[in-house]
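Please read them alongside the model.

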Amino acid sequence: MLVVIAILQLIMIGILLNINGKLKPRDYIAEAMERDRRIREERERKRQMELWSHEASADSADHS
């Protein structure tokens, strides 16, 4: 029984290695750079929105 389990595990490992070989390799550096760029853009958008909201509230206070 132990031999059958070991053979089945070897077959499963072979199948998984075969599947892994068909996957395209990931470019972790490019993914990290893209993620950082998106985070930076989002941070900049938030900062712009805060500036606009402060300007709008200052303008409305001036007109009162």
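1. A salt bridge here is a side-chain nitrogen of Lys or Arg within 4 Å of a carboxyl oxygen of Asp or Glu. By this rule there are seven salt bridges.

2. This is a predicted model, in which local features need pLDDT of at least 70 and side-chain atom pairs count only at pLDDT 80 or more, while totals for chains, interfaces and linings use all residues. Residues are numbered from 1 along each chain as its sequence is written, and side-chain values use heavy atoms, with hydrogens and water left out.

3. Arginine 47 pairs with glutamate 44 in a salt bridge, with 2.8 Å between the closest N and O atoms. Both residues belong to helix H2, three residues apart, about one turn of the helix. Helices (H or I, at least four residues) are DSSP runs, numbered from the N terminus.

4. Arginine 47 is partly exposed at 41% relative accessibility, and glutamate 44 is partly exposed at 35%. Partly exposed lies between buried (under 20% relative accessible area) and exposed (over 50%), using a 1.4 Å probe and protein chains only.

5. Arginine 37 makes a salt bridge to glutamate 34 (2.3 Å, N to O) and another to glutamate 41 (2.6 Å, N to O). Glutamate 34 is three residues from arginine 37 in helix H2 (residues 28–63); glutamate 41 is four residues from arginine 37 in that helix.

6. Relative accessibility is 31% for arginine 37, 32% for glutamate 34 and 34% for glutamate 41.

7. Salt bridges link Glu34, Arg37, Arg38, Glu41, Glu42 and Arg45 in a network.

Methods: Helix = DSSP H or I, 4+ residues; strand = E, 2+ residues; numbered from the N terminus.
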